[in-house]
Amino acid sequence: MRDGLQRPLRDLRVSVTDRCNMRCTYCMPCEVFGRDFVFLRRAELLSFEEITRVARQCVAMGVRKIRLSGGEPLLRHHVERLVEMLAGLLDVEGKPIELTMTSNGVLLAKRARALKEAGLTRLNISLDALDNAVFQRMNGGRAAVASVLEGIDAAQAAGLTPLKVNAVIRRGVNEREILPLVEHFRHTGIMLRFIEYMDVGVTNGWRLDEVVTAQETLAQIDAEYPLQPIAPRYPGEVAKRWKFVDGGGEIGVIASVTQAFCHECSRLRLSVDGKLFTCLFAAQGDDLRGLLRSGEDEAANDEALRQRVIATWKRRTDRYSQLRLVRTEMPREKIEMSYIGG
Ligand code: SAM
Ligand code: SF4
Ligand code: SF4
């Protein structure tokens, strides 16, 4: 199944909660997501059964990889049960799907083993600094580096590997953390990836001059630890990979701002409350919750769901990041990443 720009559907990203135990300045700044912020009510969230029903239709239409995200996915009660339900899905070739999660790692130390046992294949953990003061400046003072490192150790011990650690670099805040992070994760088998700071949502006050480009990051690392490019493993791999010439492992860069990869983007997103979004920067999604709860018999309802997934994907022509490179005026209305799943 191809979209309007001939891209196949391969990935599904599911936001399981819009809540988070951190307040990263680039994602859920405290000034906006403060005490008075109204998060979605429990009844508004898709249930695990509803998520699984949508996922099953997406898998039947070509999805091979599902990532659980948020918000902080480990804040969703009993998310391990959802993992168990999704882990049983087989792709169109009859192979088990790849089931992954992106987490800030703070609650991971106690949960890693259960996630593995429930069937999670791999895990990405976010960590923007090793210096605790810098990290807390990035995350609104909510979490310490030590708790994330404990989570990373637990994930490795549980076999949720190969583990990836993602760092967003924001100029003037944490660009001095690039080399310490590299030094910490070299020779560990963990792949560190640097993500360019993106203009997701409308609350982070994004400015282009705060983006530390992948090129700058690579130059900084290469000057200290010479790098060599590695060929992509599959078409559409978003991270460009590099290996250390001295055998210290590899790193990745995700240049979503300076080297847009929309032409290969095969990702559909399901929001916390059941809307399908065809781009991270979209303003509107296609509501499936009404349909899921419409009370028809389940088989007819599943067929209707499948038709909606097909129609949504076929209509898709999004390429926001490519347009951002050439246009000065971009849409002002965009959804927040915590709601749609980063
Ligand atoms: N809470 C989990 C976490 O932080 O890993 C999962 C959700 S979070 C939205 C997913 C990823 O999006 C994180 O790696 C985070 O750093 C990244 N992210 C959030 N806002 C971003 C932005 N404005 N630019 C680039 N990456 C961003
Ligand atoms: Fe929470 Fe993740 Fe967003 Fe940080 S990036 S505020 S940890 S959802
Ligand atoms: Fe995909 Fe939209 Fe990002 Fe382009 S901007 S890569 S279409 S999510």
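Let's start with the largest nonpolar core, which has 90 residues. By nonpolar core I mean buried Ala, Val, Leu, Ile, Met, Phe, Trp, Tyr and Cys residues joined through side-chain atoms within 4.5 Å. Buried is under 20% relative accessible area, exposed is over 50%, and partly exposed is in between, with a 1.4 Å probe and protein chains only. Leu12, Ile66, Leu68, Met101, Leu123, Ile152 and Phe194 have the most contacts inside this core. Take Ile66. A second, separate core has 16 residues, among them Leu40, Leu45, Val211 and Val272.

A word on the source. This is a predicted model, where local features need pLDDT of at least 70, side-chain atom pairs count only at pLDDT 80 or more, and totals for chains, interfaces and linings use all residues. Residues are numbered from 1 along each chain as its sequence is written, chains are lettered from A and ligands numbered from 1 in the order written, and side-chain values use heavy atoms, without hydrogens or water.

Now ligand 1. Which residues are closest? Tyr26, Gly71, Ser126, Met198 and Met337, out of 19 that surround ligand 1. A residue is near if one of its heavy atoms lies within 4 Å. Strands S3 (98–103) and S6 (191–196) each supply at least two residues of this shell. Strands are DSSP E runs of at least two residues, helices are H or I runs of at least four, and both are numbered from the N terminus.

The side chain of Ser126 places an N or O atom 2.5 Å from an oxygen of ligand 1. A backbone N or O atom of Ser103 is 3.2 Å from a ligand 1 oxygen. A ligand 1 nitrogen sits 3.3 Å from a side-chain N or O atom of Glu72. The protein covers 95% of the 540 Å² of accessible area that ligand 1 has on its own, by the Shrake-Rupley method with a 1.4 Å probe.

On to ligand 2. Cys20, Met22, Cys24, Cys27, Met28, Gly71 and Asn104 surround it. Around ligand 3, the shell includes Cys262, Cys265, Cys279, Arg316 and Asp318.

Last, the backbone. Most peptide bonds are trans. The bond from Thr161 to Pro162 is cis, with omega near -5 degrees. Pro162 is in the loop between helix H5 (145–158) and strand S5 (164–169).

Methods
A polar contact is a pair of N or O atoms within 3.5 Å; within protein, one must be able to donate a hydrogen and the other to accept it, and residues adjacent in sequence count only if both atoms are side-chain atoms.
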